[in-house]
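Here is a short report on a protein model with its ligand.

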Amino acid sequence: MLIGIPREASGGETRVALLPDAVARLLKLPGIQIQVEKGLGENVHAPDSAYEKAGAKLVDRSKVLGASDLILRIRKPEPAEIGKIRKGAIHLSFLDPYRDPVTAPKLAAAGVSAISLEMIPRTTRAQRMDVLSSQANLAGYVAVLLASRELIRVFPMMMTPAGTLPPARVLIIGAGVAGLQAIATARRLGARVEAFDTRPVVKEQVMSLGAKFVEIDLGETGQTSGGYAKALTEEQLAKQRAGLSAVIAACDVVITTAQVFGRPAPRIVTKEMVAGMKAGSVVVDLAVDSGGNVEGSVPGKTVEVGGVRLVGTLNLPGLVAAHASLMLSGNFTAFVEEFWDKDAKAFKWNLEDDILKGCVITHGGEVIHEGVKKALAESPAAKSAPKPAAKKKK
Ligand code: NAD
C-alpha cells in the first residue's frame, strides 16, 4: 500500500500530518511505501532531506493525490480537489461531516473511502489515535499564553518593596481535555484559578489541579456513555449564566472551552456579562469556530468590547506546530498500525469494528455512516434540493 501525505493547502494550516520519524516507523510495517509532497515539513523545519532519509519518496501534489492508496492529512480536501483523488483510495483527515454537507457526498461520489479523524470514538482502545485529545491539550496550554499576552497585568502574585501585585483571577469554563490543561497552565503561572463544567465528575479533577470548582445547581446534567457533556436545556443554560455572572465580573481572564458533541457550542457568556467585566480583562473563546461560547467573539480576530479583549484566534495547536505535528504523527501512526494486516499486507476493512464503525463516513461509493446520513438528509441543502420526478406508470 502506498501512503501519501500532501501539504496542507487550506486555512493557513501550520501543522504537518506525519513527521520524518513517523515515516520511518510506518515503513517498518510490511508492504507499506510512503510518498510525501515536496516541502511537506517546511513549517516545522522538517526538510525534504529528512523525509528522504526516513525512506519516503518526494513527489509533486498531483502524484500524492492521484497515486496514493491511503492519504493522510489534517484538513479536509477542497471540493475542487476531490476529483483528483484516485478512485478506491482511503482518505483520513478532519472532515466536519455534521456541519459540512458538501465534502462527504462528493468523496462518496468520487469512490473515495473517507475516514473522519474527529469521529474516531473516544474509547480506551482508540486513545492513541485520539486527535481531539492530543490537539485540545495543546489548545488549552496556548489559550492561557494568549490570555497572558493580552492581559496588561501579571499572573502570579508578586511581593516586592515597590508594592504587592495580587495574582490574576482566572475562570475556565468547560473542564474537559483543553480546560484541564488550561487550569494546569494558569496554575503554573501563579494565577488563582476557578473552573466550571456541567459534568459533575470533573469536580475532583479540577480540585486536584489546585483550582476551585464553581458550584451551580443545574439539576440533572450528566454525561453520555462516551464521556461527553449532554446539552443543557434553555432553562439550565439561563441558570448557568446567572451562576457564573458574578464570578466572571470578578475575573481578569475567562477561558471558555465548552462543547457539546455534534452541536453548536453553547452560548454561555452574553454581551451583558462581558459588559460587567473590568476594563482590561481578557476572554479567550476556544469554541469560537463552532458557534462560540462568548457573544461578540469573532473567529480569527481579537476584538475589544468596552475595554474587554475577546480573543477568537483559530487553530491554537497550530501556534505550537512542531509539538502539535509530533502528536498528530503519533495519532496517524497508531491508526495505520491498528488497521494494517501484516500477513495480508492490506488495510483491515472490518466495518463491524467499533472504531471503524464510528469514523468511516464513505465507502463503496456511498455515505455509510448512519449519523451523518441522517444529518445530511435533514440538512437545509437536502431539503431544498429538487425532488426526483416520480416515474410514470407504463
Ligand atoms: P469537549 O471538547 O466535547 O467539551 C469540553 C468540555 O466542555 C467538556 O468537559 C464538557 O463537559 C464541557 N461543557 C459542555 N457544555 C458545557 C456548559 N454549558 N458549561 C460548561 N462546560 C460545558 O470535551 P473533551 O474535552 O473533548 O472531552 C470530554 C471528556 O470526554 C473528557 O474529559 C473525558 O471524560 C472524555 N474522554 C474520554 C476519552 C477516553 O476514554 N479515551 C478520551 C477523550 C475524552
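Helix 11 covers residues 321–339, 19 residues in total. From first C-alpha to last, helix 11 reaches 27 Å, close to the 27 Å expected at 1.5 Å a residue. The model is predicted.

The buried residues of helix 11 include three phenylalanines, F332, F335 and F339. Also buried in this helix are A321, A324, S325, L328, S329, N331, T333, A334 and V336.

Helix 7 spans residues 177–188 and contains T185. T185 has 4% relative accessibility, so it counts as buried; the cut-off is under 20%.

Now the ligand. The shell around it holds 24 residues, and the closest are R122, V177, D197, R199 and Q240. By class, the shell divides into 10 nonpolar, 10 polar and 4 charged residues. Both domains contribute: at least three shell residues come from each of domain 1 (2–129 + 321–378) and domain 2 (136–314).

| Residue | Protein atom | Ligand atom | Distance |
|---|---|---|---|
| T123 | polar backbone atom | nitrogen | 3.3 Å |
| G176 | polar backbone atom | oxygen | 3.1 Å |
| Q240 | polar side-chain atom | nitrogen | 2.8 Å |

How much of the ligand's area does the protein bury? Taken alone, the ligand exposes 830 Å², and the protein buries 85% of that.

Conventions:
Residues are numbered from 1 along each chain as its sequence is written. This is a predicted model: local features need pLDDT of at least 70, side-chain atom pairs count only at pLDDT 80 or more; totals for chains, interfaces and linings use all residues. Side-chain values use heavy atoms; hydrogens and water are left out. A residue is near a molecule or strand if one of its heavy atoms lies within 4 Å of it. A polar contact is a pair of N or O atoms within 3.5 Å; within protein, one must be able to donate a hydrogen and the other to accept it, and residues adjacent in sequence count only if both atoms are side-chain atoms. Accessible areas come from the Shrake-Rupley method with a 1.4 Å probe; for residues, only the protein chains shown count as cover. Ala, Val, Leu, Ile, Met, Phe, Trp, Tyr, Cys and Pro count as nonpolar, Asp, Glu, Lys and Arg as charged, and the others, Gly among them, as polar. Domain bounds come from an automatic or database domain assignment. Helices (H or I, at least four residues) and strands (E, at least two) are DSSP runs, numbered from the N terminus. The expected span of a helix is 1.5 Å times one less than its number of residues. Buried means under 20% relative accessible area, exposed over 50%, partly exposed in between (1.4 Å probe, protein chains only).
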